[in-house]
Amino acid sequence: MRCAVLDDYQDAAAGLADWSRVDLTVFREHLDTEDEVAEALAEFDVVVIMRERTPFPASLIARLPRLKLLITSGMRNASIDLKAAAAKGITVCGTASSSTPPVELTWALILGLCRHVVPENAAFRTAGAWQSTIGTDLAGATLGLLGLGKIGTRVAAIAKAFGMEVLAWSQNLTVERAEAVGAVLASSKEELLAGSDIVSIHLALSDRTRGLVDAAALAAMKPSALLVNTSRAAIVDTEAMIAALSAGRLAGAGLDVFDLEPLPLDHPLRTLPTVLATPHLGYVTRGNYFRYFTEAVEDIDAFAAGEPVRVLG
């Protein structure tokens with residue numbers, strides 16, 4: 001079988017699993033358009049995709065006549081049209097994925113923003129400045145969590161270790177669930193936003209959460225507050241966030257997810273001085289990559305044996 005691995009930016013796949021039983025081709029560069037993807041993958045039987053870097057809507061699936069097996073890292077991928085794949089007889093499988101790496105990156109962004117790590121490091125290396133900023137204390141501050149699932153719960157535990165107060169809110173969150181992790185349930189999204197020094201988003205993207213943090217929500221936040229998003233870009237109104245940051249109505253943002261990825265070079269989020277951004281690194285660790293690619297090979301072997309595993313849909 002001919003197998004393609006898409007969006008392997010770090011050229012990691014080949015070295016982290018034994019692909020000897022397939023004819024492997026790795027695409028390191030992102031294919032920007034559906035036409036490019038369809039042309040590149042026309043002769044492949046198996047495609048392995050990294051999370052949601054390259055969407056697989058029905059229109060693309062219809063243009064891949066040889067595709068038999070589509071594998072995504074993780075066990076959920078909203079960018080795959082599972083019904084269209086099933087209609088064409090394409091099996092879709094997933095892999096395990098750890099929630100620990102995005103928790104760690106969330107705190108890297110929070111600490112980087114609060115202690116001005118990037119501008120201080122740049123000044124240290126180039127300008128000769130010494131102590132040009134004043135850091136923000138975490139102890140005694142309030143962390144607001146939009147979402148208290150597996151990742152949000154771990155973020156809350158670390159906040160408590162720093163001596164922070166934790167507010168939490170989501171549509172279905174209960175008092176008992178919040179109290180179990182040492183958090184206080186906010187009565188509304190607006191109460192959480194108004195009462196938090198740092199707001200961190202840990203919600204799945206859905207019809208209910210798309211655009212949840214809009215211009216009105218941002219206006220409810222303190223001008224001194226920070227917004228951190230390692231979940232999904234579409235949960236936040238990007239234009240409203242840029243406007244708030246540009247006007248000083250929001251002190252800063254730590255971002256790992258974007259409406260368009262890779263982010264265009266001329267995008268304002270690349271230049272706003274109060275933005276600390278990383279290129280969707282939340283799940284990008286050696287441990288997670290090892291899980292993704294070794295289990296992708298397991299998925300291929302199981303499919304070839306007629307007993308597919310970790311089937312989605």
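**View 1. D35 and R63 form a salt bridge.** At 48% relative accessibility, D35 counts as partly exposed, because buried means under 20% and exposed means over 50%. R63 is partly exposed too, at a relative accessible area of 36%. This is a predicted model. The closest N and O atoms of R63 and D35 are 2.8 Å apart. D35 belongs to helix α2 (residues 34-40), while R63 sits in the loop between α3 (58-61) and β4, so the pair ties together parts that are 28 residues apart in sequence. A search of the whole structure finds 13 salt bridges.

**View 2. A network of salt bridges links E43, D45, R66 and K68.** The side chains of E43 and R66 meet at 3.3 Å, N to O. E43 lies in the loop between α2 and β3, and R66 in the loop between α3 and β4, 23 residues apart. E43 is partly exposed, with a relative accessible area of 42%. R66 is partly exposed at 31%. D45 and K68 form a salt bridge at 3.0 Å, N to O. This pair also links distant parts of the chain: D45 in the loop between α2 and β3, K68 in the loop between α3 and β4, 23 residues apart. D45 is buried, with a relative accessible area of 6%. K68, at 39%, is partly exposed.

**View 3. Strand β4 (residues 69-72) has buried side chains pointing both ways.** L69 and I71 point one way, and L70 and T72 the other. In a regular strand the side chains alternate between the two faces of the sheet. Strand β3 (residues 46-49) runs parallel to β4, joined by four bridges. Here V47 stands opposite L70. Strand β5 (residues 91-93) also pairs with β4 in the parallel sense, over three bridges. L70 stands opposite V92 in β5. From β4 the chain crosses through helix α4 (residues 82-87) to β5, and this β-α-β crossover is right-handed.

**View 4. Seven strands form an open sheet with parallel pairing.** The order is β8-β7-β6-β9-β10-β11-β12. β8 (184-185) and β12 (275-277) are the edge strands, each with a single partner, so one side of each is left without a neighbour in the sheet. Three bridges join β11 to β12. In this pair, L255 stands opposite A277. Helix α7 (residues 150-161) packs on the sheet, touching β6 (142-146) and β7. The direction of α7 makes about 175° with that of β6. Helix α11 packs on the sheet as well, touching β10 (226-229), β11 and β12. The direction of α11 makes about 140° with that of β11.

**View 5. The largest nonpolar core holds 31 residues.** L227, M241 and L269 touch the most other members. The elements that give two or more residues are β7 (165-169), α9 (189-195), β9 (198-201), α10 (215-220), α11 (238-246) and β11 (252-255). Of these, α11 gives the most, with five residues. Not counting residues up to four places away in sequence, L269 touches T238, M241, I242, L255, F258, L263 and V275. Another core lies apart from it, with 25 residues, among them I110, L143, A168 and A178. In soluble globular proteins, nonpolar side chains tend to be buried together.

Conventions: Residues are numbered from 1 along each chain as its sequence is written. This is a predicted model: local features need pLDDT of at least 70, side-chain atom pairs count only at pLDDT 80 or more; totals for chains, interfaces and linings use all residues. Side-chain values use heavy atoms; hydrogens and water are left out. A nonpolar core is a set of buried Ala, Val, Leu, Ile, Met, Phe, Trp, Tyr and Cys residues joined through side-chain atoms within 4.5 Å. Buried means under 20% relative accessible area, exposed over 50%, partly exposed in between (1.4 Å probe, protein chains only). Contact means heavy atoms within 4.5 Å. Two strands pair if DSSP finds at least two bridges between them. A crossover is right-handed if, with the strands pointing away from the viewer, the path from the first strand over the helix to the second runs clockwise. Axes are lines fitted to C-alpha atoms, for helices over the stretch in contact, and angles run from 0 to 180 degrees between N-to-C directions. A salt bridge is a side-chain nitrogen of Lys or Arg within 4 Å of a carboxyl oxygen of Asp or Glu.
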